[in-house]
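Please load the model in your viewer and follow the selections below in order.

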Amino acid sequence: MIVRKNVGRASPFLLVLLAFGFFIGTYNLCILVMHKSGRSISDDSNDPIISRPDGLSVEGSRKFHVALTATDAPYSKWQCRIMYYWYKKMKEMPGSDMGGFTRVLHSGSPDNLMDEIPTMIVDPLPDGLDRGYIVLNRPWAFVQWLEKAVIEEEYILMAEPYHHEKILS
């Protein structure tokens, strides 16, 4: 008598092959439907999420408010200074849509950049809530900022001040 150990079990290769085939089939079906309807993939005019709502733009108003999260660590301060410098350069360019700028400081206390960069102080996560993943302070900082801030621009550009140096030899 022959006993098979793998009866009723599919090989991982077969499962991956089926998943990939399903993806290709679904993708091609979507392309076909969009092609038949006369809509291209990059046409966002019918998408209410992506397209710009009518009547929001006020002539002469700035469209983008830049907000970045920061700590009071020296390296973070340096990064914020660099980012704020380039923000000001971009804002001065003709036709710029840059509006306000806010550094969301999630240390809970003021630092020496308060007079140099527009800053709002928010509280860090309470002890233990980050579960060792300290970057959770960033979304928590944005939540607090959005609850308190008055934003005149249409859009918010959420940014991180990380800059990496390239050493030229």
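Two strands are taken to pair if DSSP finds at least two bridges between them; helices (H or I, at least four residues) and strands (E, at least two) are DSSP runs, numbered from the N terminus. The model is predicted: local features need pLDDT of at least 70 and side-chain atom pairs count only at pLDDT 80 or more, while totals for chains, interfaces and linings use all residues. Residues are numbered from 1 along each chain as its sequence is written, and side-chain values use heavy atoms, with hydrogens and water left out.

Select the strands. Four of them form an open sheet with parallel pairing, in the order β3-β2-β1-β4. At the edges stand β3 (119-121) and β4 (155-159); each has a single partner strand, so one side of each is left without a neighbour in the sheet.

Next, select residues 64-70 and 98-105: these are β1 and β2, which pair in the parallel sense over six bridges. The bridge partner of F64 in β2 is M98.

Axes here are lines fitted to C-alpha atoms, for helices over the stretch in contact (heavy atoms within 4.5 Å), and angles run from 0 to 180 degrees between N-to-C directions. Helix α3 (residues 137-148) lies across β1, β2, β3 and β4, at about 135° to β1.

Within α2, pick S76. Is S76 buried or exposed? S76 is buried (under 20% relative accessible area, where exposed is over 50% and partly exposed in between; 1.4 Å probe, protein chains only), with a value of 9%. Leaving aside neighbours within four places in sequence, S76 is in contact with A70 and T71.
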